[in-house]
Amino acid sequence: MEQKKYWQSFGELNNSDAFKKNAQDEFKEDLPFENFDAQGLSDAKTPRRDFLKYVGFSTAAAAVAASCEIPVKKAIPFINRPVDAVPGIANYYATTYISGGDAIPVVAKVRDGRPIKIEGNELSSWSRGGTTSQVQASVLDLYDTARLRFPMADGKEVSTFDAFDKMVGDALNGLGGAPVVLLTSTINSPSSKQVISEFLAKYPGSRHVQYDGVSYSGMLLANEATHGKRAIPSYQFENAKVIVSLGADFLGTWLNPVEFSKGYSKGRKVDAQHPSMSKHYQFESMLSMTGANADERFTHRPSETGAVAAALLGALNGQGVSGVTGDKLKKGIEKVAKDLAAHKGQSLVVCGSNDVNVQILVNAINEAIGANGAVINWASPLQNRAGIDADMAKLVEDMNAGAVGALLIQDANPAYDYFDAEKFKTGLKKVRVSVSFNEKMDETTELCKYVLPANHFLESWGDAEHKAGYVSLVQPTISPLFKTRQWQDTLLKWSGNATTYADYHKNFWTSRLGGSDNFNKALQDGVIESAAAVMGFPSFNGAGVAAAAAAVAAAKKGGKVEVVLYQKPTIGDGRHANNPWLQETPDPITRATWDNYVMMSPAMGKAMFDIDISNPSQSDNYEAFPEKPAVIVKVGNKTVDLPVLLIPGMNNDTIAIAVGYGRSEKIGKAAAGVGQNVYQLASFNGTSVLNFADATLEKSTSKFKIATTQTHASYEGRYEVVKELTLAEYVKNPTKILDGRKKELEPWGGLENYDKDGTLYPMFDKPGIKWGMSIDMNSCYGCGACVVACTAENNVSVVGKSEVLRAHDMHWLRIDRYFAGDVNDPESIQTVFQPMLCQHCDNAPCENVCPVAATNHSSEGLNQMTYNRCIGTRYCANNCPYKVRRFNWADYTGADSFSGNQDESSDVIMMMNDDLTRMVLNPDVTVRSRGVIEKCSFCVQRLQEGKLTAKKQDRPLEDKDVKTACQQACSADAIVFGNVNNSASAVSKHRHDNMNRMFYSLEQIHVLPNVNYLAKVRNTDKISAHEQFGAPHAAAPAAEGAEGGGAHH
Amino acid sequence: MIHYRSIAKKLVISFLLLTVVCFDQQVFAQDGKALFQQNCASCHAVSKNLTGPALAGIEERVTDKKLLYAWIRNNQAVLSSGNKYFTDLYNQWNKTPMNAFPNLTDEEIAAMLTYISTEANKKPEVKTDAAGAAAPEADNSLLFGILTLILAIIVLVLMQVNANLKRLSDEKEGVPSYEPVPFYRNKAYIALFAVILFIIGGYYTIMGAIGLGRSKDYQPEQPIYYSHKVHAGTNQINCLYCHGGAQEGKHANIPSLNTCMNCHMAINEYAGEKLYREDGTEVNGTEEIKKLYSYTGWDPDQKKYANEPKPIEWVKIHNLPDHVYFNHSQHVKAGQVACQTCHGEVQNMGEVYQFTDLSMGWCVNCHRETKVQFTDNKFYSIYEKFHNDLKNGTLDSVTVERIGGTECQKCHY
């Protein structure tokens, strides 16, 4: 019995009491009958008489309320209806998601004048319809109640734009030649660049500084040194057979995750006929999402990144591996160097470091392995990060010296995310004219004298060139909700140009594209792409490599404990911190919501707090309660007090903290009071800002609760939920998984007849359509874009931290994270992600237990949930083996007829109840009220719409008609969906072609799911889960690990 | 014997033939009607002048069939050929151009002309009184009620008689008698009464509860007295001309004001049959058209939009609960259901009222009975099993229910 190979929690690993209890109870909380047994029914808090009184009263009240007159509703038609605007029919406009330098081509779904959903634009050849969780969530930012609603001067509203223009114009004219500085995030919009240059020309001595909260300045400078180009090339992961990442989270947050995950998954799709896949090595200090997907992973201290790069370069050049500590790391580097050398021109090294010298070494490695021109594309560089740290440092110096007359800030927030924010703030006070164009009252805007909020991108005109040669256009999908103006308009005005930016933009592109027809076509497509440039590359100049290697070797060795700062794939640099959809999406690794915290290895946890994870009662003490131990992290003279999460796979000398939290209250209700800002823990080495530092740790007495969703669902001890094998195993015995299934199902009719013979229930026909989903676990990286897409499409509620703490989270789709390996050996930890949603079982256990038949099965194989019939017994949730049903404990989205019928109100719930926020709701999906169960519907509204389209066009259903929201959002194409009755459909082919890897989660319980998974194939020597815990109920797995305990300190 | 049989056989066959022919013609005329409403009705009526002339007797006026067909297909070509009749007609109608219909086939035009001639010859229809039809049913229930009451009284009287007789016989036999209990204190009676009261009360409570939130016959007063009878009935404007959304998407949509003005730029007075509201007061049609002008800002004298327009706030009649998804195009376009099936004979309504109760039972009943366009629409080609069943005669038709049309998540999601 191979039980507990994969574990979601330490409790599961140890089979602890808390885990067992959780397995028995569907709902974490006890039922609210206090002291029932002890005192008897009449003395309970709600005695029988009171109960009867309530019943009587509520019946009477309901009767009175219901017999009130039906409210009169009005229907108000257009006066003159635009031809293409039919109420009730959605229009789709191609536009571009703009955030910082990121510009991802998207299509906005506009229903009755309101954008309600963002999808990727499939016409873009680099994003190919892919999105991230941030892109998916961006539509909610449009309806953010905390957006600034009018221009302001000294905190007071300025009534008109003209008055504002005059005010600022006068102030700028009165500067007397003192320079004007435009401080922006990275600008890659061709027309905006022209606007900026016109503006700068008007004010001599002025300059434009680009600043990125999380900077890539090290790469830019290193590339300038070695390739003579201050640019970041694009990386074509699909061309790489060997991928080595030195701390770069390229699937989650590094540079351009959409493009990278598209390319990466191409190389990771295992073809059944010719099984092969790329090999991914990760060297890192913390367990990042990308690291979790690596085939082999080695950990080191963050300060050692340079040493690892140098050692790798040395090994490639035939020198021995030196300068790094630890045998495993050394062996790892040797192995990687061998593999790289064997795949010249087919391999790639990427590095997340912002240190110029480290990046120069990485460039030297890439040159040595022939990556340039093969995997690294210099012909179309990435243009989404252009900020140079030294420029910003110079600006801050100038400001403090009083040498800046006016500072115009657009989409930059250094008062929050600059490593030395205090210095920036004091500098800002010395600037005579400070203007902010930021959309919200953020930390920087707060300090500015003049505020002219810019439009949200969905209200804007514009363009962007995320990758050189790949332009995407921005067009408004709604007229501005508030009295805001595009910053380009403002700059045009202030530089004395009377044209509006809309016209300017139109003229700009009409003349470039040659005619308004071409412009209109480009606008409709959303993208302008010239033929792909030849993958040429600038020659490599190795002159600086030796110096860089010397600098790296001379770099200060880290102290006892180091802290590394990272971004979460959801919150990122903190720009979107007030987006409740993002806040509530669990982190892929920690599965925590609404917080940042210190990630720490279990070994360090044991040393600090004496928590032995392998001891069931101690692990329960740590894990079963939301309150976590806290630690004071001290870096230099800066301290931060944060809770601790113990995460296996962390380097034993490193802690990791996410940036992007601790925003000011004025940024909005969702961000207020969530986590703490750690940007100030970063340091500046004279050329670039480094995201790690030495830290001293001290136990803290503070009490923090962390709302993690990891332990919410329990499979009640059933297995196997996930399956995994190595590439070698798969090649040797392709039918390993199929054989396993055959053997398992043999007693019940075997694979062929299991559905009929495994049950007493009759079988039901699915005559026309049978919906099915196939999920390739090899392509799921855990990013969570699908979770947010599902939330947006299906009006899934946001419940807030207090409710997640009580396991009341509402996500229809969750991504389960499983660990396997020895908790004390970070290198042995292997992570598996599995999207878990309603499996739409054909023999669904939830259906038989519903007393009112509110959940039942459709002839198309859908497990239907009918909200208006549900009376909230929750029997179904209790009986669901996958734990995917969610109960509405409160009226989270304002669905009830009686307003204020809430007792669970937190700020966040009130925020989602706001009329403005509710504009994002999908009108085709019922907004669930309190007291009903809900769950994944396979996006039934889309299925119905797709079927109707086919019917109206008098043709059979095709794959393109129906796409679920999660499928569409996934940039790795992990999810395939369609009609399995049609043998030509994508899902049928996916299942047929991958028959050997296909499995159903918990197949043996005969629920007959309509969702299948393809087993994960890892391109490595051993699967930790298979190696480590062959014995049943491994009580103390730490002792079994071959090298366990070696990393204690 | 055999002789009779063959005659009977012939009779039956000829009867069948006759039925088929009649049926065919009916279909033909109906097609003509549909075509007419689709193509002509926005400008022409059979017996009234609208934007264009009344069409009754058109075949008598233009005897050359070819010419007439050519005119219908492309009137500009006929005009340019210099035909006198049509040129005069064109000038007479202020040179209002007529749309061209190049895609109409001969059969289609013939069908429309047939429809026009039959419609023109039709005598004014005798209105059937809906209340009259319902009356006998009401009478019956009253009758049953009276009968039940009489029977109940007889039962009561008999029970009393029985009790009295028993008392008498008891007295005779010397059985000691109890003090007689008056019927209003007799426990049996009280219990019976309570049960009856409970049943009746329960019935009305439940019926009342089921009816909560339903609003059959809802007929609110609208900002403009808009008569569907005049538009869709008398003038035979196709429903989809104004409610085009019904074949495109979820909502049928109330037409935007520019749609109204397509015709009402020219039609600025009402001269038809007198119009009455439900309460019997007369409606001045011309005044109602003026109200439309005040909303749209149209100045009929200057023939242009001179004033600021403002939207009309119509009162919504058909309201479904939020948890119901209803899509018009599914029914109108894919299902080919006539508007009247759910909305009643709108063409005979003055102000529209809610014809059905829009209850779930009503929806589900229809889904059980209605047949889908199973062989006509290629979408259903995937239902191989049903196609086989149809072929070998196991099934005679496929209802909406059979393809899952009564499942919860077809309407609730």
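## Strand pairing between the chains

Strand β1 (residues 74-75) of chain A and β5(B) run antiparallel and are joined by two bridges, where strands (E, at least two residues) and helices (H or I, at least four residues) are DSSP runs numbered from the N terminus, and two strands pair if DSSP finds at least two bridges between them. In this pairing A:A75 stands opposite B:W314 of β5(B).

This is a predicted model, in which local features need pLDDT of at least 70 and side-chain atom pairs count only at pLDDT 80 or more, while totals for chains, interfaces and linings use all residues. Residues are numbered from 1 along each chain as its sequence is written, and chains are lettered from A and ligands numbered from 1 in the order in which they are written.

## The interface

In total, 47 residues of chain B are in contact with 45 residues of chain A, contact meaning that C-beta atoms, placed from the backbone, lie within 7 Å. On the chain B side, α11 (257-264), β5 (314-315), α13 (328-334) and α16 (384-391) each supply at least two residues, and the largest share, four residues, comes from α13(B).

## Annotated spans of chain B

An unreviewed UniProt entry lists residues 142-159 and 188-212 of chain B as "transmembrane region", an annotation that may be inferred rather than shown by experiment. Residues 142-159 of chain B are 100% helix, with end C-alpha atoms 25 Å apart, whereas residues 188-212 of chain B are 96% helix, with end C-alpha atoms 36 Å apart.

## A barrel in chain A

Six strands of chain A form a closed barrel with mixed pairing, in the order β21-β26-β23-β25-β24-β29.

Methods
Contact = placed C-beta atoms within 7 Å.
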